[in-house]
Each structure stands twice: as C-alpha cells, then as structure tokens.
Amino acid sequence: MYLLIFTLGAALASFFHLVVERRERGESWISGSSHCNHCMKAIPPYGLIPIGGYFLVRGRCVHCGGKVSPLHPLVELMGGATALILYMEKAGPLLMILVLWGFYLTIEDLLFREVGALSLELWLLATFLYAIKMSQPLIPGGLIFAVYTGFSKFTGAIGDGDGRYAAAVSFLLADPWNIVYYILHAHILAGAVALISLLTVRGREDREMAMFPFFFISGILHLLFF
C-alpha cells in the first residue's frame, strides 16, 4: 500500500511539474503529449515513469541528447514522500487539498522563482480559515507574516511571497513551539543547501534561492514527526 501511495504522489507531482512548465511557456497543459523541451519530440513511455524514467533515459533526451533537468525526479520524490506523510498522518480531505495546493506553489517557486500572487493570497487565506476551523494557533503565523514582510520591505533580502508562504504553512501546524522549530529548521536546511552549492557549483554566488521548498519540506516533516 505504501508503494502505491508513493507512486500516486510522485505521478501527481510529475503532472504538477508539467502544468507549471507549460503555463510558463504559454502551452496547453490539457492536450499534447509530453515532449523534449529541446527537440520537441515525444518522450517514450518508459521515460515518463515517475523518478525511474529519469534514470532510464540517463538524464538525457533519447532523440537529441538534450539534458533533462534533475528537478524532475526531485519534484517527483517530494510528491511521493508528501503523499506518504499525508497517508501516515491520516490527513482529512481539507488538509490534503491545502497541502497539495502548497506543493503546487512550491514547484512554481522552485522552477521559476515566482508564483501567481492571487493563488498565493488565496492559499494563505484558506490555511488561515483552516486554522480557525481546527482551533489552531494564529498568533505565530501572524508574527511570521509581519516579520518576513517587514524584512522584505526594508532590506529586500527575501521575496515578498516568502512571508505569506511561511505563514500559510504555519497555519497547518497545531503546536506553537512546533511552528517555531519549523521556521528554524527550514532556514537551517536552506543554509546547508546554500553552503553546499557555494562550495561545489561555480557561478551560483549571486543566484536567488527559492525558499518555498524549504518551508514546505520542513512543514511537512513537522506535520508527521513533531
């Protein structure tokens, strides 16, 4: 059962990835087969297998040899793990919808460093109303929103949406201290990845880092383990 849930989550993540990419390029995500972004030829069925497909084609298009982004299996792995955590947590339909909505926004931020402002605002509102419905703490999320928004406005060091996203995730968590540790762990994870990237990949010193994935990963782990 766990393998089935993981596979379904990975497949859904792959679909989210496709939708985000095609919307960014102005293509239809409803019609048309999956294709290589370099030569536009169709990807063979075995190349569409979640996670495994990337390794079966050895990270390259079978037609033109163009490189396939390693973000594909990474996003699918995150999707599978998220589905497993929701299943193990016995999450209700409302929580599942909110988490998957946040995951979609995470993919947008991971791929293009920007998300739809309206979608983000609506998700923040939805998680806020969920916290009220579940009698979960609101003050920590409000403080997170205020601190991040102020820091963004006066320093420009973080994106405008980071505070909204971080606050929205906090509204899904039940314990105030859990929320504090969730933020702390998200930044520790981001700092570790930034340090590794700085030491191993040249030319990335000035590249902006997407924060949504770190908030999401930390939040979903705290939802299960803390």
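Let me start with Ile51: with a relative accessible area of 18%, Ile51 is buried, where buried means under 20% relative accessible area, exposed means over 50%, and partly exposed is in between, using a 1.4 Å probe and protein chains only. Ile51 has a positive phi of about 65°, although it is not a glycine. You'll find Ile51 in the loop between helix 1 (2–25) and helix 2 (52–56); helices here are DSSP runs of H or I with at least four residues, strands are runs of E with at least two, and both are numbered from the N terminus.

Before I go on, some housekeeping. This is a predicted model, so local features need pLDDT of at least 70 and side-chain atom pairs count only at pLDDT 80 or more, while totals for chains, interfaces and linings use all residues. Residues are numbered from 1 along each chain as its sequence is written, and side-chain values use heavy atoms, with hydrogens and water left out.

Ser135 sits in the loop between helix 5 (117–133) and helix 6. Is Ser135 buried or exposed? Ser135 is exposed, with a relative accessible area of 67%.

Okay, on to helix 6 itself. The axes of helix 6 (residues 139–155) and helix 7 (residues 160–170) come within 8 Å and cross at roughly 170°. Axes are lines fitted to C-alpha atoms, for helices over the stretch in contact, with angles running from 0 to 180 degrees between N-to-C directions. That makes helix 6 roughly antiparallel to helix 7. For the cut-offs, angles under 35 degrees count as roughly parallel, over 145 as roughly antiparallel, 65 to 115 as roughly perpendicular, and the rest as oblique.

Who makes the contact? From helix 6 it's Gly141, Ile144, Phe145, Tyr148 and Ser152, and from helix 7 it's Asp160, Asp162, Gly163, Arg164, Ala166, Ala167 and Ser170. Contact, by the way, means heavy atoms within 4.5 Å. The residues of this helix 6 and helix 7 contact split into five nonpolar, four polar and three charged. On those classes, Ala, Val, Leu, Ile, Met, Phe, Trp, Tyr, Cys and Pro count as nonpolar, Asp, Glu, Lys and Arg as charged, and the others, Gly among them, as polar.

Next pair. Helix 3 (residues 71–88) and helix 4 (residues 93–112) have axes that come within 11 Å and cross at roughly 165°. Helix 3 and helix 4 are therefore roughly antiparallel to each other. Helix 3 passes helix 4 in a right-handed crossing. The helix 3 side of the contact is Leu71, Val75, Met78, Gly79, Thr82 and Leu86, facing Met96, Val99, Phe103, Thr106, Ile107, Leu110 and Leu111 of helix 4. By class, the contact of helix 3 with helix 4 has ten nonpolar residues, three polar and no charged.

Phe103 turns up again in the aromatics. Phe103 belongs to one aromatic cluster with Phe15, Phe16, Trp29, Tyr104 and Phe216. Across the whole structure, a search finds 14 aromatic pairs, where rings of Phe, Tyr and Trp (its six-membered ring) pair if their centres lie within 6.5 Å.

Last pair, helix 8 (residues 176–200) and helix 9 (residues 212–225). Their axes come within 8 Å and cross at roughly 135°. Helix 8 and helix 9 are therefore oblique to each other. Which residues make this contact? Helix 8 brings Asn178, Tyr181, Tyr182, Ile183, His185, Ala186, His187, Leu189, Ala190 and Val193, and helix 9 brings Phe214, Phe215, Ile217, Ser218, Gly219 and His222. The contact of helix 8 with helix 9 has ten nonpolar, six polar and no charged residues.

Two residues there deserve a look together. Asn178 is in helix 8 and counts as buried at 8% relative accessibility. His222 is in helix 9, and His222 is buried too, with a relative accessible area of 2%. Asn178 and His222 are 44 residues apart along the chain, and their C-alpha atoms are separated by 7.0 Å. Leaving out residues up to four places away in sequence, Asn178 touches Leu173, His222 and Phe226.

Notes
A crossing is left-handed if the near helix is turned anticlockwise from the far one by less than a right angle, and right-handed if clockwise. Rings of Phe, Tyr and Trp (its six-membered ring) pair if their centres lie within 6.5 Å; planes under 30 degrees apart count as stacked, over 60 as edge-to-face and the rest as tilted.
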